[in-house]
Amino acid sequence: MSAPVQCPVHPDVHLIEDHRAGDLVCPACGLVVGDRLVDVGTEWRSFSNERSGNDPSRVGAPENPLLSGGDLSTTIAVGFGGSDSDNSLANAQRKSMNNTDRQMTAAMSLIREMSERIHLPRNIQENASRIFKDVLDSRALRGKNNEAQAAACLYIACRKDGVPRTFKEICAVSRVSKKEIGRCFKIIIRNLETNLEQITSADFMSRFCGNLYLPNSIQAAATRIAKRAVDMDLVAGRTPISIAAAAIYMASQASGEKRSAKEIGDVAGAAEITVRQTYKLLYPKAAELFPEDFRFVTPIEALPNS
């Protein structure tokens, strides 16, 4: 049994271990008693970019089940060091991918970019990527624009997670037309037999009122107005977005926090004339639409009639 390591000058002093240098040092006199010890701490060494010093990860990205082989393949790039090596490694990895993985990787990148631009959480990004994978495997959209497919999958993921976005909002963060996204959406729903809950105006109220800086009282009133309007069959053929916008317009005009039809239309993604036309359908029954406890600043008879 080996004798314990100790300082010959100060045998009773507890030695300090220098993890970085791998030495045992006497704190009393500074004598290095033992050197080149094994460091049992975490090894923070990066192989992604040796010169940056920013990435403390020794390992690569986690396994991705959406890519064939779980994205655990190994590629050796020719050359060493410098940005040329980084580029050659990236090119080698792209070449080693099959066509499906290339399409999937591009789609995940597009979904991430679009999601970040409209502040969607990671779980929606992941759900959209899974839907895209199902679409890819079904070959239902073969030949269609990859970005239109990705945008449609993101739209569906938002609907499924109960945070719907309008086609106009999704179109605004992509480089494809609303028509292309809509076409892909219909094919996906038909081929994957995906059931989506019906969108109602209440799904948009919180976000629209929040973006208009309206208080909860007006949001609650607008939600009630929209629901009653649908129940009374006043807005047949109108979209949930235009109904929500018109209800917000009515509730705000009756309060001290008035918003114009144009302001509301800009937030909702609806034309000003659409907001006004839908509002005109509500106006004759305004007295029946408002909550009983609503505090009117502007009485119903003084509300705009168009």
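Author: Twelve helices and three strands make up the secondary structure of this protein, and please keep in mind that the model is predicted. Of its 306 residues, 36% count as buried. Among contacts between residues at least 6 apart in sequence, 61% join residues at least 24 apart.

Now to the pocket you asked about. The second largest pocket has a volume of about 480 Å³. Its lining is made of 21 residues, and T166, F167, T239, P240 and I241 are the ones that lie nearest its centre. By residue type, the lining of this pocket divides into nine nonpolar, seven polar and five charged residues. Four helices each supply at least two residues of the lining: α4 (146–160), α5 (167–172), α9 (240–253) and α11 (272–282). The largest share, three residues, comes from α9.

As a general point, nonpolar side chains tend to be buried together in soluble globular proteins.

A246 lies in α9. With a relative accessible area of 0%, A246 is buried, because buried means under 20%. Not counting residues up to four places away in sequence, A246 touches V275, T278, Y279 and L282. The C-alpha atoms of A246 and I264 are 18 residues apart along the chain and separated by 8.4 Å.

Leaving aside its neighbours within four places in sequence, M250 is in contact with I225, Y279, L282, Y283, A286, L289, F290 and L303.

S252 is another residue found in helix α9. How accessible is S252, buried or exposed? Its relative accessibility is 0%, so S252 counts as buried. Leaving aside neighbours within four places in sequence, S252 is in contact with I218, E257, K258, R259 and I264.

R228 is found in helix α8, and at 27% relative accessibility it counts as partly exposed. Apart from neighbours within four places in sequence, R228 is in contact with E288 and L289. R228 and E288 are 60 residues apart in sequence, while their C-alpha atoms are 8.1 Å apart in space. L289 is also among the contacts of M250.

Y213 has its place in the loop between α7 (202–211) and α8 (216–231). Phi of Y213 is near 55°, a positive value in a residue other than glycine. Y213 is exposed, with a relative accessible area of 70%. D233, in turn, is found in the loop between α8 and α9. Its phi is near 60°, again a positive value in a residue other than glycine. At 56% relative accessibility, D233 counts as exposed, because the cut-off for that class is over 50%.

To finish, here is a stop at the other end of the numbering, for the rest of the chain you mentioned. C7 is found in the segment before β1 (16–18). At 0% relative accessibility, C7 counts as buried. Leaving aside its neighbours within four places in sequence, C7 is in contact with L15, C26, C29, L31 and V33. C7 and V32 are 25 residues apart in sequence and 8.4 Å apart in space, C-alpha to C-alpha.

Methods: Residues are numbered from 1 along each chain as its sequence is written. This is a predicted model: local features need pLDDT of at least 70, side-chain atom pairs count only at pLDDT 80 or more; totals for chains, interfaces and linings use all residues. Side-chain values use heavy atoms; hydrogens and water are left out. On a 1 Å grid over the protein atoms alone, a cavity is a set of points where a 1.4 Å probe fits but cannot get out, and a pocket is an open set with protein on both sides within 12 Å along at least five of seven lines; lining residues have an atom within 4 Å of a point. Grid points are joined across faces, edges and corners, and a volume is the space filled by probe spheres set on the points. Ala, Val, Leu, Ile, Met, Phe, Trp, Tyr, Cys and Pro count as nonpolar, Asp, Glu, Lys and Arg as charged, and the others, Gly among them, as polar. Contact means heavy atoms within 4.5 Å. Buried means under 20% relative accessible area, exposed over 50%, partly exposed in between (1.4 Å probe, protein chains only).
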